[in-house]
Amino acid sequence: MDETLLDIGEVARQSGLAPSALRFYERKGLITAVGRNGLRRTYLPQTLERLALVTCARDAGFTLAEIAAFLRAGPSDAVLREGMAAKERAVDERIAQLTRLRDSLRHAAVCDHDPLVECPDFKQAIRRVSAP
């Protein structure tokens, strides 16, 4: 086997994804095997970078279809760019919500009100978490 290629087991190990997920991503067109080493698929090393992008996008709430469209898109794809801008706004909103949640948890960690959930400051902080 060419030493620059990684077999599916190595890609799975380095990416933290199961081989079945890699085969699924391949069927969805997100990654491409470049050959086989016996029965095992082989991939170029840059497949790991693509998988990192896919994982990051999935964690941010992108669907596999959205990720596939992004991976195929060119600079003139206005519809995709509009979708990316909308997703960016949604990610910003989620970051703001998580920041409010973090602040609420910080308060809860040091609050001595009994019971904690009846603390007026905690209640106010929790209300802010779900606020837009």
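**Entry 1: the core.** I looked up the largest nonpolar core and found 17 residues, of which Val11, Leu22, Tyr25, Leu30 and Leu51 touch the most other members. A nonpolar core is a set of buried Ala, Val, Leu, Ile, Met, Phe, Trp, Tyr and Cys residues joined through side-chain atoms within 4.5 Å. Buried means under 20% relative accessible area, exposed means over 50%, and partly exposed lies in between (1.4 Å probe, protein chains only). I then checked the helices: α1 (8-15), α2 (19-27), α3 and α4 (64-72) each supply at least two residues of this core. The largest share, four residues, comes from α3. I noted a general point: in soluble globular proteins, nonpolar side chains tend to be buried together.

**Entry 2: what I am reading.** This is a predicted model, where local features need pLDDT of at least 70 and side-chain atom pairs count only at pLDDT 80 or more, while totals for chains, interfaces and linings use all residues. Residues are numbered from 1 along each chain as its sequence is written, and side-chain values use heavy atoms, with hydrogens and water left out.

**Entry 3: Leu30.** I listed the contacts of Leu30 (contact means heavy atoms within 4.5 Å). Not counting residues up to four places away in sequence, Leu30 touches Tyr25, Arg50, Val54, Leu64, Ile67, Ala68 and Leu71.

**Entry 4: Thr47.** I found Thr47 in helix α3, residues 47-59. Is Thr47 buried or exposed? Thr47 is buried, because its relative accessible area is 8%. Leaving aside neighbours within four places in sequence, Thr47 is in contact with Ile31 and Thr32.

**Entry 5: Asn37.** I found Asn37 in strand β2, residues 35-37. Its relative accessible area is 34%, so Asn37 is partly exposed. I also checked Asn37 against His113: they are 76 residues apart in sequence and 63 Å apart in space, C-alpha to C-alpha.

**Entry 6: the whole chain.** I counted six helices and three strands. Helices (H or I, at least four residues) and strands (E, at least two) are DSSP runs, numbered from the N terminus. Along the sequence, the pattern reads β-α-α-β-β-α-α-α-α. Buried residues make up 23% of the 132 residues.

**Entry 7: overall form.** What is the radius of gyration of the chain? The chain has 21 Å, whereas a compact globule of 132 residues would have one near 14 Å. This radius is taken over C-alpha atoms, and the globule rule is 2.2 Å times the number of residues to the power 0.38. Along its principal axes, the C-alpha trace spans about 65 × 35 × 20 Å.
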